[in-house]
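Biologist: Hello! Could you walk me through what you have on screen, one step at a time?

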Amino acid sequence: MAKKTAISKNLSENIAHMEELFHTCDDIKKKQMNIGKDGDVACYLTFIEVAVDMGNSALLELLKYLRGLSREEIYEALSSNALAISDATYFTTIEEAGDGLLTGEAILFVDGFDQAVKIPDDGYPNMGVNEADSEKVVRGSNEGFTDSVKQNAALIRKRVRSPQVKVRERKLGVRSKTNVYLVYMEGLAYPGLLKEIEKRLDGFEIDGVLDSGVIEQLSEEKWYSPFPQFQTTERPDRAAMSILEGRVILLSDNSPVALILPTDYDSFIKTSDDYYNRWEIASFERILRYAASFFAMTLPGIYLAVTNFHTQILPTTLLMSFADARSGVPFPAVIEVLIMELSFELLREAGVRLPGAMANTIGIVGGLIIGQAAVEANLVSPIVVIVISFTALCSFAIPNEEFATAFRLLKFFFIGICAWLGFFGFLVGLLLVLIHLSHLKSFGVPYLMPFVAADLNDYEDERDFLWRQPLRLLWKRPIFARKNNRRKLRIKR
Amino acid sequence: MFSENNKISGRQTFRLLTYDLLGLSTLLVPTVLGRTAARDGIFAIAIGVGAAWLYLKVLKSLAPGMGGSYAQYLEQRLGKAGGALIQTGYLLYFVLLAGYTAYLFADVVLQELLREESFYLVLLILLLLAAYGLWGGIEGRARIYEMLFWFLLIPLFLMLFSAVDGVQTDYWTPVFSADFAGIAEGSYYVFLCLSVIFLSLFLGEYVEKKESIFRAASGALLLVGGIHAVLYLILLGSFGADALGTMDYPAVTLMSTVQITGGFLKRTDAFMFGIWFFTLYALLNSCCFYGSSLLSGILGGVMPKTEEKARKRWAMGAVLVAVFAVSCCFYKSRACFVWYEWFLWHIATPFVVIVPLILAIGRRQKRVLALALCLAAPCLVCAGCATAELEDRNFPIELAVENTDAIGTAFGEAEGDGNRVLDYSHLKVMVIHRDIVENKEAMQKLLDLLEEKRELPRNTYIVAADDPEKILALSDGLGESVGNYLEEQFENVSQIKKQAYPTLGTLYQERINQTETLYIPYVDDEDGKPVVRQYYVLKRGEPAGTVGGDAAVLAFFTDNRMEEYQLSLSDGTQVSLSSPHNEIAFRERAGQREIVVQVHCSGELFGTQQNAASNRRNTAGQEQIAQEHARIEQAVASYMNTLAGQTLSEQGIDLSGSYRRLGGAARGWYQEYQKKSARYEGDMRIVYEVDIDWVNL
């Protein structure tokens, strides 16, 4: 059992303990003040800033009440619970007080009184927290990050109630002075990683940081790569999960998108509910997503390579129906594919920019009317519509939007090279992408982990990539966590 | 923090070396073994792998003294000048091998994927890819192969497994038939390909745990050796030794004939080509990588003031240009090829073997050296753009060949006729005029012409007809093309397994192997439908006349190529035989040589006999049932003996196809009939011994 520190009558000692416990937690407010009718009783109030409303709360009433009492009356009121607060809680140790604070309430220490009092308030913000727009899950929390960095930090703390969750505050943007929080778990995150992140953040000066995307682009090592080297999330549970893996969360004020670093290919494919669902279905869905990421990039290219160069691959009946479908289409297959792909991208762009209800209309207009009309007018063949639709479905199945974008762009590269060089072009393209991915790293972590370099974590990460092993076997934290602190699960039966 | 730059793990080393060893060797070794060691190729593989393994032991003995890179070690042991000289030798080896690999790589791409593209363009693309791969250093290279490893090996194993179905084990025999020089030559070639394992010396400076290098190298060597053994047995069993020895890239050809059971794709050769694409790229990349790092080291002595990074870039550029030039030489001049082969056999491979050996002697590793020399020395000493759109193509499903003289121009005329490009990739059936099949020279000429036209699929069925054009014209009445109709008949409707029907590939092989008796379906028009009532027999490449359907079906049954064989006996009994696992043996009785076909199968009576049999089974005693078994088996044997005997004596056609089994079952006769194969059928008598496992009797 961990050693506990009793709360002393000496306020300075209590303050020292609390400061030690919550050092570098800039989101936790610690205020020293004097109360009593003569103002001679020192007290220490600590709370999570957003969780407590100092302007209009029971806490304010209480402080007003205590300000009218003498020292002895204050002790009497505190010890007899004459505070007129129904669920005030008393803690006798610093650790209990710390836990109380992390529940989102204010904690009051009074000089000469050897207990801390938890005074209930608004608690963690939850009103105004909306559902995440992307990264939808079937099972699990639907809360999404907000535009407030403090609320976002609180949403993480709500999930990981440990004093070891540290928050480092920085200001970025010469003129915007945007608040940026680095949230991490002390003992799990590599100190070197934090230093590297801070070095990268210090590596640029910009007028304003209005979204985390700006930080992402300016801090990436390989800025020319279509693949994001920072993971993004709008889900606090995903961020909390990452913190428990030893990763660092970068929260930027005014942005509902948190950056997770370091990251790898596999992390982009995983979703939160991979761990909430049973392992069989989680594995199946993950394999599906891996396949989707492959086909989102290559399917139109493969179609062109097979129909223009390697017709021997397809069964004759299928090939004949492809040929029949194409008869009368005035464009070469590659132009036909490009027309459809660009139309799809256009519809997608229009759908994103339009308000919700109209976006649905665009979907109907695009999918049903334009698609059908194009086929009937012999501008495109039905088979190409099927190929493009399937490719689109695959790109939607990739959980992370930024990551999916990389495949959407590379798809055009594959269309070009496969139309030019057939299956040889496909292989060249695939090798190019592989070489590129093998050169990529995110803060020293190979991008293709754990397909490669799994030895760095004794091959344990291979338990949780293409297929997710049962949760009880995933006892070790992934590569991101400090090497001497990677055990995360102990089955006691 | 997480991965130390420029260091790779043991697993990455293993996978990298596996890829380095696999590509070139699987393309070249089978053909060379088919030519040299033939049916004993498997022993040549074993000896070659064994020699390479001993060679690896020698390499391992150098490891303790190697602190930094192999280049530094060479300078430390042989002095600055000696070290530089040996490094230059290695550099030359790498550049030539990379050039050779790049040439083969581009050649395979052009042959298998892009027939009409420019060699230089393909080569340039490959070298640019290699340059990009080199940019990421050893770690980047290792990661690619670590990731791809199972994604490529699993499909390869799957394809090899699927290919087992088409293997004829008779082609494996007779073993120990090659001469010593042939086996030695084959072994040396295997060793030559596997001696690339010396790359493990160059990996020393890049591997995180040095002790893991040679463990990884041993693993890679054994895995590649195993793949070679399995692949060779499959190729030998599929094509026969003689045909194998004449093929360019038999492993790639095999992929074009294998179909995964239940698979959706008709052919997977284009996809399977990915295996050679990545493995050849691995070797090309490795050679360029080590070549440029050696050159960079050598340049360090010449240009000490140049920054290391810039020097490496210069070296890389120079090596890639040299590789491009060497590949172009191979492409332009056959003499370069011959010279390189000589160089590889006599200079390059001895060089990469001898240098570590000399170094090992210096380290007094005499026991290892002696052992290595004892086993490896014999090997050394004895060795002597986008095409037409889909809708702009015609896909001929069937082809009629009326006249051999016209065939050459017929393709050209057909392609010039109309405004569509002819794509033969879906050709199902080729109907050949009877006159061609009956004329050996005409048939040879036809096959020569067809083989030149590489786009014709090897799995196209061959049938004969009196009037091929008339057979093709039946499509109108059938409602589908004759090609599709016949393919459906051969593959799904008929009780005869599809392997029994000759294809273009079978004819190509048989033209060289000359061991099989092939039955070409003889198609005739019956009520507007193409039917097969007779088969034209090609006996070891020689035309041998026609046989009736009953004789051909017996031949297929004897060869275990029938699902179900129905026959009506002389007493009216109708028998259905299934699941045959017949065997063929040879014996001599009273001076008469006999082919003994031991028939083992399941049997049942059918038709009106079925109910009677069922009643008998209920009422008769065991002894009566046994007598009935014996009676029918005797009648079946009598039927088969009569039919096979008549065909053998009157037409000289052995329905058991026993000639190809001679090597495995009767070695002495095999050697005898190698010289006078024409007399084989005349000397033989065929005897069927029938043992049926009755189902309803």
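Predicted model: local features only at pLDDT ≥ 70, side-chain atom pairs only at ≥ 80, totals over all residues.

Modeller: In chain A, Pro300(A), Leu304(A), Thr307(A) and Asn308(A) of H10(A) meet Ala333(A), Val334(A), Val337(A) and Glu341(A) of H12(A). By class, that contact has 2 polar and 1 charged residues, along with 5 nonpolar ones.

Biologist: How do H10(A) and H12(A) run, roughly parallel or roughly antiparallel to each other?

Modeller: Let's start from the angle. The axes of H10 (residues 279-308) and H12 (residues 333-353) of chain A come within 10 Å and cross at roughly 160 degrees. Angles over 145 degrees count as roughly antiparallel. H10(A) and H12(A) are therefore roughly antiparallel.

Biologist: Which element gives the most to the side of chain A that touches chain B?

Modeller: The contact takes 39 residues from chain B and 44 residues from chain A. Elements of chain A that give two or more residues include H6, H10 and H11. With 14 residues, the element that gives the most is H15(A).

Biologist: Now to chain B: is Glu402(B) buried, exposed or partly exposed?

Modeller: Glu402(B) sits in the loop between strand S2 (398-401) and helix H15 (404-416) of chain B. Leaving out residues up to four places away in sequence, Glu402(B) touches His433(B), Pro468(B) and Glu469(B). A residue is buried with 20 or more other C-beta atoms within 10 Å, and exposed with 12 or fewer. Glu402(B) has 17, so this residue is partly exposed.

Conventions:
Residues numbered from 1 in each chain as written. Chains lettered and ligands numbered in written order. Axes fitted to C-alpha atoms, helices over the stretch in contact; angles between N-to-C directions. Helix = DSSP H or I, 4+ residues; strand = E, 2+ residues; numbered from the N terminus. Parallel < 35°, antiparallel > 145°, perpendicular 65-115°, else oblique. Contact = placed C-beta atoms within 7 Å. Nonpolar A, V, L, I, M, F, W, Y, C, P; charged D, E, K, R; others polar.
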